[in-house]
Amino acid sequence: MPIELDDFITEVRGFLDAHATRRTGGAGDVQWGVGEDRITYFSTEAPEVEAKAVAVAKAWQRTRYENGFGWLTGPTDFGGRGLTTVHELVYDSLEAEYDVPDTGVLAVVGLGMIGPTILAHGQEKIKQRYLPAMYGGDVIACQLFSEPAAGSDLASVETKAVREGDEWVLNGQKVWTSVAHHAQLGLALCRTDPDRPKHRGITAFLVDLSLPGVDIRPLRQMSGGADFNEVFLTDVHVPDDHRLGEVNDGWRVALTTLMNERATVGGETGGPAGRAVSLPFLRELLRANGRLDDPATRRELASLYAGQAAAEYMNRQALRKLRAGVQPGPEASVSKLLYAQNLTRAAHFAADVVGPKLIADTGEWGTFSWTELLLSTPALRILGGTEEIMKNILAERVLGLPKEPGIDTKSPFRELRRSARSSA
Amino acid sequence: MSAGDETTVADADSEELLALREAVRDFLAARSDEAAVREVMIGERGYDEKVWSQMAEQLGLQSLVLPEAHGGDDAGFVALSVVLEEMGRALLPAPFFSSVVLAATALVAAGDDEAAGRLLPGIAAGTTLATLAAPGPDGAWHTGEGALAVAASPADGGGLVLDGTAGIVLDGATADEILLVVAAPEGPTLVSVPGDASGLTRTALRTLDPTRRFASLTLAQTPATVIGQPGAAGPVLAQVLDVATAALAAEQVGGARACLETATAYAKDRVQFGRQIGSFQAVKHKLADMLARVQLADAAAREAAAVLDGADPEGDPGVASAVAHIVASEAYMSVAAENIQVHGGIGFTWEHPAHLYFRRAKSSQLLFGGPNAYHERLLARVGI
Ligand SMILES: Cc1cc2nc3c(=O)[nH]c(=O)nc-3n(C[C@H](O)[C@H](O)[C@H](O)COP(=O)(O)OP(=O)(O)OC[C@H]3O[C@@H](n4cnc5c(N)ncnc54)[C@H](O)[C@@H]3O)c2cc1C
C-alpha cells in the first residue's frame, strides 16, 4: 500500500537529516570561489582516490537501502519499496538539498540499466541473488554490449557463447565498458547462432566478473582518466541460470537495457557537471568574469537556460507519466539527444566567458576547471547510442519514416559484411 | 587571389610553394610524427631542441619570413602560411609561433634597428627563442579593455624597471628573450626582458593543449630595454595582431584539414550495418559540412596572407585577418569535434589523436581572447 506523499516527505527528511548534512543556503545557492571547483563528468582521479570514492558511493547506497530508500520503485520481493516514480522524484529532489556522495558509479549503468533488465528477464533465483545486492550497494554491474566491430550496429556482436551441458562457454572481446574495473557483474550479449539473422541469434548472459577467463583492461579516455575498459572473455564458463531471456532472444533483453539507458542518460541532472551548468552557477561565472552586463553574453545565457529548462520539463513530464516497470518509449531518445547538446553548448559557452584562462591553469577558481567538462562532452554524443543513431530512431520509430535502403536484417549473420577491425 | 598588379606576391599553389609544402610535410613526417609529438608533449621543455635546430639548419624555416637585412629570406606571408599549415597539421610542438610570428613581427613593426639587429639574426637562425605578450588585466592577451597588467617605471640608475604579472605567456618558460607591452608613463610601450632577468619568476602552467605551452611571469623591479619609442606600442600591437591572427588561421586550417582527412578515411574504412559508415547520409553530409567549413577557412586564411603580402592594393589586412581569425577558429573547433563524432568510441580515447586536435582547436580559438574579443575586433577593424 503506497504511503501518502506527505508522510513520505516527512520520512525522507527524517532520514536525510539523520544521515547527511543539508547544504547551507539551499540547492540554488552558489558560493563562488569556495570549495572544490572541479567540473567533472568523467573521473580523472588517480586509481587510489577513485577506489575510495567508489567505496564511499557503495556505503551511501547501502545506507539508503537499509533505510528503505535504495530502490523506491522496485518490487518488495527483491528488496524494493514498491512505490511510484513520483516518490522517487520527490526523494531525488529532497536529497539534492543535502551533501551526499555521488553514486553514479553504481547508479547510471547498474541500477539504471542492468537492474531493470534483470527484473524484466531474469529467473526468480537470479533476481533474488543479484537485485538486493545491487540496490543494497554491494554489487556494481556493467554493460558488456559494444565490441570493436559492433557499436552502433550492436546486433552484430561476435562474442561467442557455446552451450556445454548446464553451462555456456563465452569467448570474445567487449570494449568501451564503463565502470567494468569497479564492477562485480556484467550483462553480456553473445552470438549463439550465426546461421540466423543477426537480431535472432543473440543471447544475453549475466557474467560474474570474478570468473576465470575474464580480463578487464582499463582504457584511457581523452578527458584523461580511465572510466571505460576492454573486457576479454576467454573460455568463461557461465551457468545456464545466468541467461536472461530465451536462447537467441537476447535482442529483446538488450532493448530493455537500451531504452533504460537513453532515459537514464537523458535524465541525469546531478553531479558536479549538473551543478556547474545550473543558472546560479553560470550567473556567478559571468559575474566573476565581468560579463554580467554584456548583452550578447546575457542573451546566450538566456537561450542556453531556456533549452535546459525545457528539456528538464520534458523529462519530468515523461517520468510523471511512467509508473514503475513501464518501459520508456523511443521518445527517450529526444532526452538523450538534448542532454548531450545542452551540456556541450554549456561547456563552450563557459569557455567563451572564461577565455584564455581556460587554456592554461592560472590557479584562478572556476576557470581552468571547465576543461574537464569540455573534454568530456564529445563522449555524450557517442555513448548510449550516437547522435546519428538517436536521430534514426526518432525518424523511424516515432515518425514512421522508412529505413535507409540497403540495411540487411534478414540474411544469416555469418553472411553479413563486417568491419575490417572485426576479429572473426 | 584578387587581381592585384603586384607580381612578386607568392601564390600558395605555385610550384615553388608546393615544393616548400612538400619539404615541410616530409620533414615533419620523419621528425615529428604522432609518436614523437606524444613524447615531446609530456616532456618538460615542450619541444624537441634537435628538431628545432634541424628546422633552421636544413629547411631554414625560422628565417623564411624575416627581413633580409637581419638574416632572413623575406619570403612573404603566403610562404609563412604554407609552413604554418603543415605545422598545424602535424601538431608540431615548437616555439615557432611565439618566436618567429609574434616576437619577430613585433621587432620588425617597432622599427627599432638596434633591437632588430640584436635579436632577429638569432631568431632567424633558431638560436634565440623569443616571445611576445601584451598582458591585460586578467593576465591574458590585452584585448582593448582595461589596463595593461605590467607597469614600467624609471629605474634609479636610468632605464626602466617592470612590476606586475603576465599571467599567460606563450612559451614564456623557455624563451630567451621576452617582449612585453607594458604600461609606461608615456603610454603602452614595447620592452624586452631576458629570460634570466633579475626579479623575473617564470612558472610553467598546466595547459589544455599539451602541444602548446604557456607560463606565468611575475616581474618585480625587473630591468627592461625599451624597443622603439616609449608610448608607441599601440600601432605595433595592432600590426602584430593582424599578422598573428592570419598566421594562426593558416595553422588552424592545417589542423582542420587533418581532421577532415582522418574522418573521411575512417568513414570509408569503418563498416556498420554491413556498409561503410560514409554511405549513411548522416555521415556523408557531416563530412560535406566539414569540407565546406575547411574550404571557407582556407579561403579566408589565404586571402589574409595575400593581403598582408600586398597582393590587393585595396585589401585591408586588418579586416582580412580578423575575418580569417573568426572563420578559421570556428571551423577548426567544429571540425575537430565532428572528427571525434565520426570515429565513435575510439575517437574518445587518449590513444587516438583526435583529442589532440580538439585541444589545439580550443586553445587556438581562445589564444587572443576568444569569440568575445574576435567579434569585436572585426567590427573595430571595419569601423563599426
Ligand atoms: C565514454 C563512453 C562510455 C561507453 N560505455 C559503454 C558501456 O558501458 N557499455 C557498452 O556496451 N558500450 C559503451 N560505450 C560504447 C558506445 O555505446 C558506442 O561507442 C556507440 O554505440 C558507438 O559505437 P562505435 O563506437 O562502434 O561507433 P560506430 O558505430 O562505428 O560509429 C561511427 C560513426 O558512424 C555513425 N553511424 C553508424 N551507423 C550509422 C547509421 N546507421 N546512420 C548514421 N550514422 C551512423 C555513428 O553515428 C558515428 O558517428 C561507451 C562509449 C563511450 C564513448
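This is a predicted model: local features need pLDDT of at least 70, side-chain atom pairs count only at pLDDT 80 or more; totals for chains, interfaces and linings use all residues.
The arginine belongs to helix α1 (residues 15–31) of chain B and the glutamate to helix α4 of chain B, so the bridge ties together parts that are 61 residues apart in sequence. B:Glu86 has a relative accessible area of 2% and is buried.

In general terms, side chains of opposite charge can pair when their charged atoms come close. Over all chains, the structure holds 43 salt bridges.

## Salt bridges within chain A

A:Lys174 and A:Glu147 form a salt bridge in which the closest N and O atoms are 2.8 Å apart. A:Lys174 lies in strand β5 of chain A, while A:Glu147 lies in the loop between β3 (141–144) and β4, so this pair ties together parts that are 27 residues apart in sequence. A:Lys174 counts as buried, at 0% relative accessibility. A:Glu147 is buried as well, with a relative accessible area of 5%.

Another salt bridge joins the side chains of A:Asp195 and A:Arg414, at 2.7 Å from N to O. This pair links distant parts of the chain, 219 residues apart: A:Asp195 is in the loop between β6 (185–191) and β7 (202–208) of chain A, and A:Arg414 is in the segment after α12 of chain A. A:Asp195 is partly exposed, with a relative accessible area of 47%. A:Arg414 counts as exposed, at 51% relative accessibility.

## A network with residues of both chains

Which residues are linked in a network of salt bridges? The network is made up of A:Arg381, A:Glu387, A:Glu388, B:Lys286 and B:Glu338.

## Surface patches on chain A

A nonpolar surface patch is formed by A:Val398, A:Leu399 and A:Leu401, which together have about 290 Å² of accessible area. A:Leu401 is in the segment after α12 (387–398) of chain A. With a relative accessible area of 45%, A:Leu401 is partly exposed.

## Helix α10 of chain B

Helix α10 of chain B covers residues 354–367, 14 residues in number. From its first C-alpha to its last, the helix reaches 20 Å, close to the 20 Å expected at 1.5 Å a residue. α10(B) is mostly covered, and 14 of its 14 residues are buried. Just after α10(B) comes B:Gly369, which takes a positive phi of about 115°.

Most residues other than glycine have a negative phi. Which value does phi of B:Asp74 take? Phi of B:Asp74 is near 50°, a positive value in a residue that is not glycine. B:Asp74 lies in the loop between α3 (49–59) and α4 (77–90) of chain B, and is partly exposed, with a relative accessible area of 49%.

B:Gln221 also has a positive phi, of about 50°, although it is not a glycine. B:Gln221 is found in strand β7 (residues 214–227) of chain B.

## Separations along chain B

B:Glu44 is in the loop between α2 (34–41) and α3 of chain B. With a relative accessible area of 80%, B:Glu44 is exposed. The C-alpha atoms of B:Glu44 and B:Glu22 are separated by 30 Å, and the two residues are 22 residues apart along the chain.

B:Ala116 is in helix α6 (residues 113–125) of chain B. B:Ala116 is buried, with a relative accessible area of 4%. How many residues apart in sequence are B:Ala116 and B:His352? They are 236 residues apart in sequence, and 43 Å apart in space from C-alpha to C-alpha.

How values were computed. Residues are numbered from 1 along each chain as its sequence is written. Chains are lettered from A and ligands numbered from 1 in the order in which they are written. Side-chain values use heavy atoms; hydrogens and water are left out. Helices (H or I, at least four residues) and strands (E, at least two) are DSSP runs, numbered from the N terminus. The expected span of a helix is 1.5 Å times one less than its number of residues. Buried means under 20% relative accessible area, exposed over 50%, partly exposed in between (1.4 Å probe, protein chains only). Patches are made of residues with over 30% relative accessible area and no salt bridge: like charges are joined within 9 Å, nonpolar side chains (Val, Leu, Ile, Met, Phe, Trp, Tyr) within 5 Å. Accessible areas come from the Shrake-Rupley method with a 1.4 Å probe; for residues, only the protein chains shown count as cover. A salt bridge is a side-chain nitrogen of Lys or Arg within 4 Å of a carboxyl oxygen of Asp or Glu.
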